[in-house]
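Hello,

Here is the structure I promised to pass on. Please open it first, then read my notes beside it.

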Amino acid sequence: MLDQLARKGDRSRLIEGLLQKTAHDRAELRRLLKERALRRYQVDKQMAEEWDPLADEAWQKLPDK
């Protein structure tokens with residue numbers, strides 16, 4: 001496959017470019033995952049705060065054993 005993509009003498013440049021692109025793509029993916037996880041955390045926290053009083057109320061209504 002390397003022979004098809006690059007002529008002799010250009011292979012090192014091709015490989016270096018592919019490695020740089022891969023490293024950049026991985027860094028961008030990590031950044032996006034972190035950003036979305038932080039955004040999701042805020043939504044989850046808000047939802048938990050809204051539901052917590054309801055859960056407490058439901059537990060109080062359960063019959064004692």
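**Starting at R11**

Leaving aside residues up to four places away in sequence, R11 touches L2, D3 and A6. Keep in mind that this is a predicted model. R11 is found in helix α2.

**The whole chain**

Now step back. The secondary structure comes to two helices and zero strands. The radius of gyration is 26 Å, well over the 11 Å that the globule rule gives for 65 residues, so the chain is more spread out than a compact globule. The C-alpha trace tells you about the outline: along its principal axes, it spans about 80 × 25 × 15 Å.

How much of the chain is buried? Buried residues make up 2% of the 65 residues. The chain exposes about 6,700 Å². Carbon and sulfur atoms supply 58% of that area.

**Salt bridges**

How many salt bridges does a search of the whole structure find? It finds eight. Here are three of them, in sequence order.

- R7 and D10 form a salt bridge, and their closest N and O atoms are 3.0 Å apart. R7 is exposed, with a relative accessible area of 62%. D10 is partly exposed, at 22%.
- E28 and R31 meet through their side chains in a salt bridge, at 2.7 Å from N to O. Both are partly exposed: E28 has a relative accessible area of 31%, and R31 is at 41%.
- E35 and R39 form a salt bridge too, with 3.0 Å between the closest N and O atoms. E35 counts as partly exposed at 34% relative accessibility. R39 also counts as partly exposed, at 48%.

Look at the spacing in the last two pairs. Why are R31 and E28 separated by about one helical turn? Because they are three residues apart in helix α2. R39 and E35 also lie in helix α2. They are four residues apart, about one turn of the helix.

These two pairs belong together. E28, R31, E35 and R39 are linked in a network of salt bridges.

Take M47 as an example. M47 is found in helix α2, which covers residues 11–61. M47 counts as partly exposed, because its relative accessibility is 41% and the cut-off for exposed is over 50%.

**What to take away**

The chain has two helices and zero strands, and it is more spread out than a compact globule. Helix α2 holds R31 and E28 as well as R39 and E35, and these residues are linked in a network of salt bridges.

Over to you now.

Best wishes

Definitions and conventions:
Residues are numbered from 1 along each chain as its sequence is written. This is a predicted model: local features need pLDDT of at least 70, side-chain atom pairs count only at pLDDT 80 or more; totals for chains, interfaces and linings use all residues. Side-chain values use heavy atoms; hydrogens and water are left out. Buried means under 20% relative accessible area, exposed over 50%, partly exposed in between (1.4 Å probe, protein chains only). A salt bridge is a side-chain nitrogen of Lys or Arg within 4 Å of a carboxyl oxygen of Asp or Glu. Contact means heavy atoms within 4.5 Å. The radius of gyration is taken over C-alpha atoms; the globule rule is 2.2 Å times the number of residues to the power 0.38. Accessible areas come from the Shrake-Rupley method with a 1.4 Å probe; for residues, only the protein chains shown count as cover.
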